[in-house]
Protein chains: 4
Amino acid sequence: MERKITYITRELMEKMTALRREFHRYPETAWTEYRTTWRAAQELKKAGFQVFLGEEVCRPDSRMGLPTGKYLKFCEARALSEGVPSGVMERMQGGKTGAVGILKGEKPGPVRALRFDMDALPVQEAETERNQGYRSLHPGIMHACGHDGHTAAGLGLAHLLGQRRQELTGEVRLLFQPAEEGCRGARALGDQGWLEGADFFLGGHIGIGAERLGEIVACTHGFLATSKLDLQFRGRASHAAKAPEKGRNALLAAAVCTVNAYAISRNGQGDGRINIGRFTGGRGRNIIADEAYLEAETRGDTGGINRFMRDSLERVARASAAMYGVTCRILEQGEAGTAKSSPELIRICRKAAESVGLGGLYRETGSFQASEDAATLMERVQNAGGQAAYFMFGSPLAAEHHQPGFDFEEEVMGIMAEFYSAAVLGNFCTFGA
Amino acid sequence: MERKITYITRELMEKMTALRREFHRYPETAWTEYRTTWRAAQELKKAGFQVFLGEEVCRPDSRMGLPTGKYLKFCEARALSEGVPSGVMERMQGGKTGAVGILKGEKPGPVRALRFDMDALPVQEAETERNQGYRSLHPGIMHACGHDGHTAAGLGLAHLLGQRRQELTGEVRLLFQPAEEGCRGARALGDQGWLEGADFFLGGHIGIGAERLGEIVACTHGFLATSKLDLQFRGRASHAAKAPEKGRNALLAAAVCTVNAYAISRNGQGDGRINIGRFTGGRGRNIIADEAYLEAETRGDTGGINRFMRDSLERVARASAAMYGVTCRILEQGEAGTAKSSPELIRICRKAAESVGLGGLYRETGSFQASEDAATLMERVQNAGGQAAYFMFGSPLAAEHHQPGFDFEEEVMGIMAEFYSAAVLGNFCTFGA
Amino acid sequence: MERKITYITRELMEKMTALRREFHRYPETAWTEYRTTWRAAQELKKAGFQVFLGEEVCRPDSRMGLPTGKYLKFCEARALSEGVPSGVMERMQGGKTGAVGILKGEKPGPVRALRFDMDALPVQEAETERNQGYRSLHPGIMHACGHDGHTAAGLGLAHLLGQRRQELTGEVRLLFQPAEEGCRGARALGDQGWLEGADFFLGGHIGIGAERLGEIVACTHGFLATSKLDLQFRGRASHAAKAPEKGRNALLAAAVCTVNAYAISRNGQGDGRINIGRFTGGRGRNIIADEAYLEAETRGDTGGINRFMRDSLERVARASAAMYGVTCRILEQGEAGTAKSSPELIRICRKAAESVGLGGLYRETGSFQASEDAATLMERVQNAGGQAAYFMFGSPLAAEHHQPGFDFEEEVMGIMAEFYSAAVLGNFCTFGA
Amino acid sequence: MERKITYITRELMEKMTALRREFHRYPETAWTEYRTTWRAAQELKKAGFQVFLGEEVCRPDSRMGLPTGKYLKFCEARALSEGVPSGVMERMQGGKTGAVGILKGEKPGPVRALRFDMDALPVQEAETERNQGYRSLHPGIMHACGHDGHTAAGLGLAHLLGQRRQELTGEVRLLFQPAEEGCRGARALGDQGWLEGADFFLGGHIGIGAERLGEIVACTHGFLATSKLDLQFRGRASHAAKAPEKGRNALLAAAVCTVNAYAISRNGQGDGRINIGRFTGGRGRNIIADEAYLEAETRGDTGGINRFMRDSLERVARASAAMYGVTCRILEQGEAGTAKSSPELIRICRKAAESVGLGGLYRETGSFQASEDAATLMERVQNAGGQAAYFMFGSPLAAEHHQPGFDFEEEVMGIMAEFYSAAVLGNFCTFGA
């Protein structure tokens, strides 16, 4: 890719690379991004941003799919041992991760919110020649989806904007979101008000829907709307030989729920999805099981179709429980909508891309073919009259997303930062003006 | 079987045989025993009994499992063409079958109720050498359970009691019950009050639990309590390709109900049974089915276990309907309890048997291993302080009950009438005295 | 619709109308189109065509979803009573319906096959003001999908081509196909060789995807590929109380099959459909059912997806049978592919439409959103190197297709005949030449 | 209970009590009875028995339901730290637990085998006033079924027989069996030949079917025959949104298996049982699950009924797997038959009981109402022409079997040892002579 460098210096590229590798070595799963949050906050502060941390970032009640208290404690201890100061930890304790940085220009202008996700996955990283020096130090956890790169690119952007603050108009909000995986964090971030008054919103992902370095593809077909639900069945134990009739078989109810969840009707309006991804139940071979748990998810081409799937699943779950005289609690563990990028913003961003020599591989339509927590934020901005867009940044991959050998070309972080900064700083950015 | 004849004359035996063969030629299924009722009433009258017919016999609202109005009309027309006077038919129209005959002695004494069932089965009779001359004239209908013999024996008994009226004390009620198959008629007979004040009750069956002519076995292990239920699922039709999501799939709900009915828990207190014996649903291959029907039955060693099975089935049915957004109506089509013969009455009846030379093959314990509508009547008498017993009368069979080749030795009717008359007329019969 | 008449005269329009109404009065369902076939053959002969009938038209072994022999006999007797000569009937007996007419021009030219479907539906026609004079004379049967119009238009075309034979080049084959409903007849027609050497194929439907008279819309999105399967489960009967363990429960196996058929996986490549539209099983409430029948269908956006659905259904059916020790026979009752109209032929047909003043409402893309037996024929022609197209002819409808009140504007038959004749006779029709 | 002491001295009673409390403090679950085995072997040696240990006791290949290698290692390390010499441990490593002691009399006589089970349960013991001083030292493990008492009584018997060796005729084999819970050990013990040539076999249990100290009840109604099976379903993972059709859903197959396992037919010959007591499956919410595990058990009044249940379960499991294209491995984890005590031996044992003043509460019929691994050994002896009996020894209980507060009256061990020694040493014991 030949192009003149506009904003990103070699020095900044090296900083992003170092940050990305640091995040990669210390991966943290959803709601335990203590070390990552602390480091992001440090860099934002260095770059001159006003920084927010802890309870201020994600509304505690709105967080979905929190891990157990025991696991949170384990991660907090680990983060302390890996450098997080105890004063900072105090503010984050109990899964209050995520950071926000705000920078205001001297002249009036639009409010722009950009979102970067920070969480890793429960995947054991493969040992490759490539990742020597930055392979994950946390057993069973890995940045296998590139969020380390997203965070590093966001911090690179912060430094760049800090350096060129005199060019900035209006306000920029950099949102470092926890718990994107499972679509668990965006709602809590939005509920804390960080999108209020936002004129535009940008988000993006490395290596999906585009393979060549330099490709920037607007996601226009939207995401699959999704709901993540945990189903808890509670019954009554009994000896399976002496008095099976006295039991209330929670495991059997959950099995009936599973089979019938997949039997939910197809939909003439578009595609839906259903999955029961985990099932655990029962205490022992000779006991009528008094409890069972399912991890389920629904999806849909549209919010309406996902709602149809979810309503159907809830009906199936409650009826399965009633069928065997057990109870069923339904716990929401995540959700996302199916926002489409705003057409006008896509055209504006083309100009931004062209202004920094990135217009050649810019495409105005593309499909993500999965769910993204960003959709929740995009819908919030669009419903309030703003514009929102989501971009896929091309990169060759060492292995597919979520695979143990996943890795990307680090130069893509430069492209992200360059493109975002052009969108923020360029004079075509007088959105809506 | 050698024994001295006490009550039954050759002439009476011939009358019973002729009656049985007449009933066999004109078999009528549950609630359509128009011709059988008319003939029974005629004979009862001839024998000097006070006769009841039509609405007086079975309480209309309490009848279960009535056939369709169309089928009733068809059978009424057939019965008229086979001799039933229109005046008699008027009283029975709409499935008001069954007859009761009452005879009172001149001296005070106990009230004794004896029950004889009259209905045939939807079975196509085989053509055998034996049944030449009395093979069923009604296509697809047959006396394949011996109720023709029961009715004839009951009428033989009526004639005998009529002849020996001077020996009779107290009161005798001969109950000719419709709709025993499926346990549909006894409740309605009982609800009309025919067991009020009954000191004892006797009933019996040909050829179950005993194979030798002359065997008389008291049923002490009781019957399987049972419930017969029809389940009607109603949903909403929709085109299966264009808009499956708009349908409410009654057929699928019924299938889920079926599978889970069989999955009802075993019971540590005794045996239960469940069956879905018929399933019909749907209008066409490419339509989401808007209706489905199941014919179900439950059974249990005890009334409690049958209640457990039935309650579980109803819960499964309602939950299956709720699961797919359809409705489910549950219609009671039959039921019977699990009465055990009263021990004192069994001992009294032994004496009656011995008095007429039938003591040799009399057994005081036996098991019926099926359900019998008589149980409902027995429980009613026993609960009111009376005694009740049920007997199995041995006979070789040409084929199993309910099979197309079924037939029994007609002499067994003589044994039944002899035994019953001894129980009614003998001086050991001062029951409760 | 104002346009100059090119081919269709008032006289011809009246003939088509009379024919359509005659077919409407004598509707015949799949494989019983005896009278319709006879009349079509008569008209083809009058028009100068070489006519084929009986076994020559549809290969007997390839016919799917034949009715019972008893129903065929009933329909044959009815057709005889409605005028079909016994000699003609002899050739068609046993469901050998369908007619083909062939006309050759004097000069060489392409072979063109046009297909018209003839069967009616098991729907009871409503009594409306409009259909006075031509309402169905066959109880429970009705031309509720417009095939009467298709057949009449095809015969109108035959007369027109016969009149203008001197303009004809090459060869025209008019295929009057039985059993389009349920996708049962096209395979047998194709297997008899009527498409061999065909350079192009045309087919069409009244009133789908277009509402205005004069609209002619090419079906380019293809049809839903589909398979129609009957599933026969056979087990062993047993008394449900005395020996349930000796039964092999065919009804239960079919219920398990039903539930799991709907649970077949969604498909990331496109939409699939599954339906169990009818379920009948069992002999009586207290008998373990020894037989059960399901009527099923699968569909898919592509042949591959339908194959996935069908293979999955067959696997589910066989496993359900194995689960309960019963057998399962799978009978193919219909199938159709998902052919797309050939782009070049669509453009050629536009010219034909324009040449007769029908270009104004001609559209080159459209979607049928259902299955069509024609797809089987189209694929056969296309796979052999020919071109095929399917058109939807707009008409206002009195009620939806397959509804009791269905009716269309008869003028649409004129448009069909005019358009087809332009495509056959026009000089732009030197397809592939 | 007043009775003259015949064999058991106060000293021996104290020894048994001390041993029982030691076993209670160091409970070990199935196939990890390292410390218990070692101590039993020590005592047997002290008593003068020839002792067998390690591979000689249970045939390694015949052991069922072995724990994981990791857990075995953990228990081996624990046992070493609790006193087991490393030389002894070497012989037992890998779950080769169990001990056999043999003592021969000087005069010829019958071969008698007595079986004592040694394993504890995965139950966390409650803290009570009573168990102070001997409460379990192993977290989550407890002798909650009294096998500590069985083992101690068996060792008490060994000491007594050692002391009275001059009275002994023939041969005594004391079998200290591992892994009775789950019916996992008896087969392996039998396969090693310890019952070859046995003229009689005795076994028993504390506190089942009898509550008063001194009650000795012969188990004549037999046990429930049982099979313990693990079902492993393996499929193929796939992304639940992008390519569900590429997955092979092991979790769904296991759910179908679960529902249909409960739907296995009732049995007219007697009671059966089925239970799926544990279900674990899947890796994550958005992944089609590639594996699932079920822990199942079947039972039956007779071996034939259990075989019916087990065969049906295996058929259901294999069909469920086939239905979704996954594989199913069925692993046998335990089994037991339904032996009935030999009537002659029961009468002989009555005399033995009477000879030591224990005749008063001896009962010749009783029902165990559960499964027992001893049945496997009893059937082996009986099938080879020997006699076998099983006794229930009454004791008040602090809580039900398998409950955290379970405890029994230790004096019952004296009664067991006294009764067994009378059966072995008394002159009425010339069984079969």
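This is a predicted model: local features need pLDDT of at least 70, side-chain atom pairs count only at pLDDT 80 or more; totals for chains, interfaces and linings use all residues.
Between chain D and chain A, 21 residue pairs are in polar contact, with both residues at pLDDT 80 or more. A polar contact here is a pair of N or O atoms within 3.5 Å; within protein, one must be able to donate a hydrogen and the other to accept it, and residues adjacent in sequence count only if both atoms are side-chain atoms.

Residues are numbered from 1 along each chain as its sequence is written, chains are lettered from A and ligands numbered from 1 in the order in which they are written, and side-chain values use heavy atoms, with hydrogens and water left out.

**Where chain D meets chain A**

Which parts of chain D touch chain A? Strand E7 (225-234), helix H7 (250-262), strand E9 (272-281), strand E10 (287-288) and strand E11 (291-300) of chain D each supply at least two residues to that side. Helices (H or I, at least four residues) and strands (E, at least two) are DSSP runs, numbered from the N terminus. The largest share, eight residues, comes from E9(D). By type, the side of chain D that touches chain A divides into 18 nonpolar, 12 polar and 10 charged residues. For this sorting, Ala, Val, Leu, Ile, Met, Phe, Trp, Tyr, Cys and Pro count as nonpolar, Asp, Glu, Lys and Arg as charged, and the others, Gly among them, as polar.

E9(D) also meets its counterpart: three bridges join it to strand E9 (residues 272-281) of chain A, and the two run antiparallel. Two strands pair if DSSP finds at least two bridges between them. In this pairing, Phe279(A) stands opposite Gly281(D).

The side chains of Arg285(D) and Asp230(A) meet in a salt bridge, 2.9 Å from N to O.

**Two interfaces side by side**

The table uses contact (heavy atoms within 4.5 Å) and buried area (the accessible area, with a 1.4 Å probe, that two parts lose on being put together, summed over both).

| Chains | Residues in contact | Buried area | Share from carbon and sulfur atoms |
|---|---|---|---|
| D and A | 40 of chain D with 40 of chain A | about 3,000 Å² | 56% |
| A and B | 22 of chain A with 22 of chain B | about 1,700 Å² | 55% |

In chain A, Glu245(A), Arg315(A) and Met323(A) lose the most area to chain B, together 34% of what that side buries.

**Where chain A meets chain B**

Between chain A and chain B there are 13 residue pairs in polar contact, both at pLDDT 80 or more, and zero salt bridges. Helix H7 (250-262) and helix H8 (303-323) of chain A give two or more residues each to the side touching chain B, and H8(A) provides the largest share, seven residues.

**How the copies are related**

Chain A can be laid on chain B with an RMSD of 0.1 Å by a turn of 180 degrees and a shift of 0.1 Å along the axis. The two copies are thus related as by a two-fold rotation axis. Copies are superposed by least squares on the C-alpha atoms of residues with pLDDT of at least 70 in both. Ala319(A) is the residue of chain A that comes closest to the rotation axis, at 2.4 Å (C-alpha).

Note on methods:
A salt bridge is a side-chain nitrogen of Lys or Arg within 4 Å of a carboxyl oxygen of Asp or Glu.
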